[in-house]
Amino acid sequence: MTNETIGFIGLGVMGGPMCHNVARKHPGRLLAHDMTPAALDALSGTKAEPVDIAAIAGAADIVCLSLPGGPQVEAVCEQLVAVGLRAGSVVIDLSTTPVAVARTMAGRLAGHGIDFVDAPVARTREAAQRGELSIMVGASAPVFDRIEPVLAYMATDITHGGDVGAGQVLKLVNNMLVFEHVVTLAEMMVLGERAGVDPRILLEAVSKGSGDSFVLRNHGMKAMLPRQFPERAFSPEYVLKDISYVFQLAEETGVPIKAAETVRRYYELAVESGLGGRYFPGVIQLVEQGVLEEES
């Protein structure tokens with residue numbers, strides 16, 4: 001286990017529980033920063049020391065970021081350099097960003113002798129609380145070996161995908177498949193229900209066949225079946241943010257993603273129809289209401 005000083009910036013829905021696990025498992029010093037006082041208050045009773053970004057830059061050997069997206073990651077990285085993040089340190093970005101942002105930031109920080117790692121996380125907030133995330137990593141082999149023990153504080157599955165940018169490629173593919181699967185599951189659930197099959201029996205039966213999936217057992221059974229879509233969960237707005245990164249990557253690589261175009265429209269309509277800010281599997285309500293059919 002590394003005894004290096006760790007800085008953690010961004011203590012939101014996922015960052016907060018991840019930082020808690022680092023505080024619980026890391027034998028060395030942990031410095032934490034968030035713009036929201038309540039997020040820092042949630043770390044009271046742990047070893048995490050609330051500090052500003054300058055203090056993290058001055059003391060941390062490894063800095064973890066868990067931020068809303070690409071612009072925030074770029075801004076915080078520039079700030080860390082401006083206030084003196086030392087050569088030889090590593091920035092681990094646990095956020096989801098465009099692949100190009102990861103590679104650009106790696107190049108900029110390398111000019112200051114700082115390594116940059118893209119390490120976006122997958123699975124739910126509950127998995128983050130348990131320290132059972134899946135983390136996909138883009139880094140050189142020596143840097144990966146250095147930071148893997150830190151990632152293990154937060155994850156049970158860690159995949160080294162290749163050099164910088166590979167982590168974001170893996171995460172965007174994962175997320176797009178989930179977003180598409182939720183929409184397809186929504187259509188099939190409503191179809192089965194209106195054809196006279198009890199929805200619980202429908203999901204249980206499919207879960208025993210080749211249609212089984214993580215999306216069915218989690219998003220389907222826990223949210224879409226009871227129609228429970230809480231606020232302050234992963235919302236359609238966040239879905240659209242990630243989808244925009246997918247389309248950016250598709251344009252850069254010249255790959256047509258026609259199915260993704262239809263799925264994107266579902267989540268745009270979710271926001272337009274008043275489902276913004278709520279858990280994204282709520283798109284099943286659009287299928288029930290025939291919203292997409294009315295538009296076509």
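The model is a predicted one.

**The strand pair**

Start with strand β5, residues 90-93. Strand β5 runs parallel to strand β6, residues 115-118. The two are joined by 4 bridges. One of the bridge pairs is Val91 with Phe116 of β6. Helix α5, residues 99-110, belongs to a unit with these strands. Together, β5, α5 and β6 form a right-handed β-α-β unit.

Helix α8 spans residues 166-194, and helix α11 spans residues 236-253.

| Helix pair | Axes come within | Crossing angle |
|---|---|---|
| α5 and α8 | 8 Å | roughly 165° |
| α8 and α11 | 10 Å | roughly 120° |

Take α5 and α8. Angles over 145 degrees count as roughly antiparallel, so α5 and α8 are roughly antiparallel to each other. Their crossing is right-handed. From α5 come Val99, Ala102 and Arg103. They meet Ala166, Gln168, Val169 and Leu172 of α8. The residues of this contact between α5 and α8 comprise 5 nonpolar, 1 polar and 1 charged.

Now α8 and α11. Their angle makes them oblique to each other. This crossing of α8 and α11 is left-handed. On the α8 side, the contact uses Val169, Leu172, Asn175, Met176 and Phe179. On the α11 side, Val239, Asp242, Ile243, Tyr245, Val246 and Leu249 take part. The residues of the contact between α8 and α11 comprise 9 nonpolar, 1 polar and 1 charged.

Look again at α8. Val169 and Leu172 meet α5, and Val169 and Leu172 also contribute to the contact with α11.

Notes
Residues are numbered from 1 along each chain as its sequence is written. This is a predicted model: local features need pLDDT of at least 70, side-chain atom pairs count only at pLDDT 80 or more; totals for chains, interfaces and linings use all residues. Side-chain values use heavy atoms; hydrogens and water are left out. Two strands pair if DSSP finds at least two bridges between them. A crossover is right-handed if, with the strands pointing away from the viewer, the path from the first strand over the helix to the second runs clockwise. Axes are lines fitted to C-alpha atoms, for helices over the stretch in contact, and angles run from 0 to 180 degrees between N-to-C directions. Angles under 35 degrees count as roughly parallel, over 145 as roughly antiparallel, 65 to 115 as roughly perpendicular and the rest as oblique. A crossing is left-handed if the near helix is turned anticlockwise from the far one by less than a right angle, and right-handed if clockwise. Contact means heavy atoms within 4.5 Å. Ala, Val, Leu, Ile, Met, Phe, Trp, Tyr, Cys and Pro count as nonpolar, Asp, Glu, Lys and Arg as charged, and the others, Gly among them, as polar.
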